[in-house]
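Let's take a walk through the aromatic side chains of this one. Have the viewer open and follow the rings as we go.

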Amino acid sequence: MQVRLPDGSERRYPTGTTVLEVAESIGSRLARAALAAKVNGQVVDVARPLEEDATVEILTEKSSESLDVLRHSAAHVLATAVRRIRPEARIGFGPAIEDGFYYDFEVAEPFTPEDLKRIEEEMAKVAEADDPFEREVVDRARARELFAADPLKLERLEELGDGEVITVYRNGPFLDLCRGPHVPDTGRIKHFKLLNTAAAYWRGDSNRQTLHRIYGTAWHSKRELEDYLHRLEEAKKRDHRRLGRELDLFFFHPTAPGSAFWTHRGTIIFNALVGWMVEVLLENGYDIVKTPLLFNKGLWEVSGHWGKYRENMFLVLDNETGEHDFSLKPMNCPSHHLMYTAKKRSYRDLPIRYATQDVLHRNEVSGALSGLTRVRQFQQDDAHAYLAEEQISDEVGRMVGLLDYFYGVLGLEYTTKFATRPDVRIGDDEMWDRAEGALLAALESTGLAYELKPGDGAFYGPKIDFDVSDSIGRKWQLGTIQLDYANPDRFDLGFTGEDNREHRPVIIHRAIFGSFERFIAILIEHYAGAFPVWLAPVQVVVLPISDEQNESARQFAGDLAAVGIRTEVDDRSETLNYKIREAETQKVPYMAVIGGREAEAGTVAVRVRGAGRKQEIVTRQAFAGRVREQVDSKTLRVGFNGPREM
RNA sequence: GCCGGAGUAGCUCAGCUGGCAGAGCAGCCGCCUUGUAAGCGGCAGGUCAGGGGUUCGAGUCCCCUCUCCGGCUCCA
């Protein structure tokens, strides 16, 4: 049989030659490094015999696919170790996931941190044993026998269709119903760590039994493992909940679960973002509007929320009727639609664009709440454009430009996804053809690369989603542009066309930040609390070296405040070192030091956040001018001369 | 909502098998007058999340509630 290799060369082997033997024939080093292989595009074990002509790629540490294989094998090693310590544990699923793996166990007693340590030690022994992972094809009857004591595996087994090949994998004492593939032997699992335990429902179904999940991570090298653990540490340090407290930006109180208290400093950031957005939207033809927070059920009946979404709404008692007929709004769309219908609209008015930062409430289940990223009260940067169908492409192009501008100023990179018609949907195919065509044309005209997500659109129309990456590589879905053909009907929206006839507009829902709360959480973590000057709650702290300079310092601070620079004076009777340490930990962009010499000369010694001992003596006026300029231009970098670390 | 873990001073955390509630930092008061990441000394600060129970005695053991954390589910 013929084997084609990635370099294009072809070799002949007898039928039944294994991938490993192919690797050996190329080089012993390759054979030793082989973790898995890709045969005709499918990832398989290296021990797999080749039955016919094939394209073969040997997967070593260098390929990303081999990492998934390694991690899945690590999950088996984990299960092997758990079985040694808790022989009665029944096994669920144990897949590779992003950055690691997990395995679910049905056990009477949950795992403790001490258990985790022991299990980890046991895993090292399993790895040391260097048992091969052996694949075996079995028939259903044999599989039932093998897993007679593992009801979860039996359940999975019964789901496999008759045509499917049933495989089991064995490593030493451990046997698992598993499709594979695996690395050649347990000895390949060298660099791993168990991270935490958590409960999980069997099959993700809250009506089924609770399993206990162990999460771990595994890598090809010690270096990669350490880097990953370091990244976790870094993420912890950047955690917005921690920085929110340390930088005094916001807090939560048990009396208002899921709703943040914004302190003065946090509110400055919040308002700066809102103000910036309003300013830019006004320049871009949006109407900035406010609508009521509380509505009676009439609105929700029209919008359809009363039927499907009521559980998630905060209902309010009407004293006159004694009924909970009112609700805090969970979204802005319906009230914007009402605003649209409040007047007769002409084609000349379109597009009409409403933007709102109103407060919304959603009654999230208590277990879902988490810091600022999952809250019950929040403000979306919500906008709806009402337009004629032929305007879609142009309008979407503008919106994409707007998103690009906002993310760009903040230094956020993003990728886009184009989601098309789902199986369950409204409207006929012709409508979807037009909608998807217009949206795609707009997206393509921007020149952005995008990922196609067939079937991922909303039931009422296709959409474009924006995933933003933060400075430590995590992705967040933020922006969205969604076409909506359902609500114009529901709310009976119309406009008079050039032909003097009534037409239906199309709605585009659009958000850039998502919610301000969640977005600020992302920004805090992205900047690690070190905000660009224009967003920093305190932009300059003036530090007199001794009490002698307090007067001079206060005067300077007053001058800065007069040109709109947020300034504080630290005139406590402390050493300069003390004051600098505090300003650095508070991430204040500029420290303006005033000692005897500066007071005398009317200058200031500027220390830049994070730049260490370097200082620059400048005139006070020049300093004010430069800071002002950085605020106005929303400069990301702090410091004045040349490239310098933030 | 469900499963598991946690809640001790403003913050970070000690407090063993039940026996008088502690430290560092922050705060306040004093001294020091300070030149680029913590000067020195003192003082004050607690319904041990809340409620109930067991016990001669509960921060510690049991039950209920609240909140937070990690997941599941859901989602902006």
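Predicted model: local features only at pLDDT ≥ 70, side-chain atom pairs only at ≥ 80, totals over all residues.

Residues are numbered from 1 along each chain as its sequence is written, chains are lettered from A and ligands numbered from 1 in the order in which they are written, and side-chain values use heavy atoms, with hydrogens and water left out.

Rings of Phe, Tyr and Trp (its six-membered ring) pair if their centres lie within 6.5 Å; planes under 30 degrees apart count as stacked, over 60 as edge-to-face and the rest as tilted. That rule gives 31 aromatic pairs. Take Trp276 and Phe513: their ring centres are 6.4 Å apart with the planes at 35°, so this pair is tilted. Trp276 belongs to helix H9 (residues 264-283) and Phe513 to strand S29 (residues 506-515), so the pair ties together parts 237 residues apart in sequence. Helices (H or I, at least four residues) and strands (E, at least two) are DSSP runs, numbered from the N terminus.

Phe513 also makes an edge-to-face pair with Phe406, at 5.7 Å centre to centre and 85° between the planes. Since Phe406 lies in helix H13 (residues 392-410) and Phe513 in strand S29, this pair ties together parts that are 107 residues apart in sequence. One aromatic cluster includes Trp276, Phe406 and Phe513, with Tyr405 and Trp534 also among its members.

Now for the charges, which sit over a ring if NZ of Lys or CZ of Arg is within 6 Å of the ring centre and within 35 degrees of the ring normal. Arg213 has its charged end over the ring of Tyr102, 3.7 Å from the centre, while Arg203 lies over the face of Trp202 at 5.1 Å from the ring centre.
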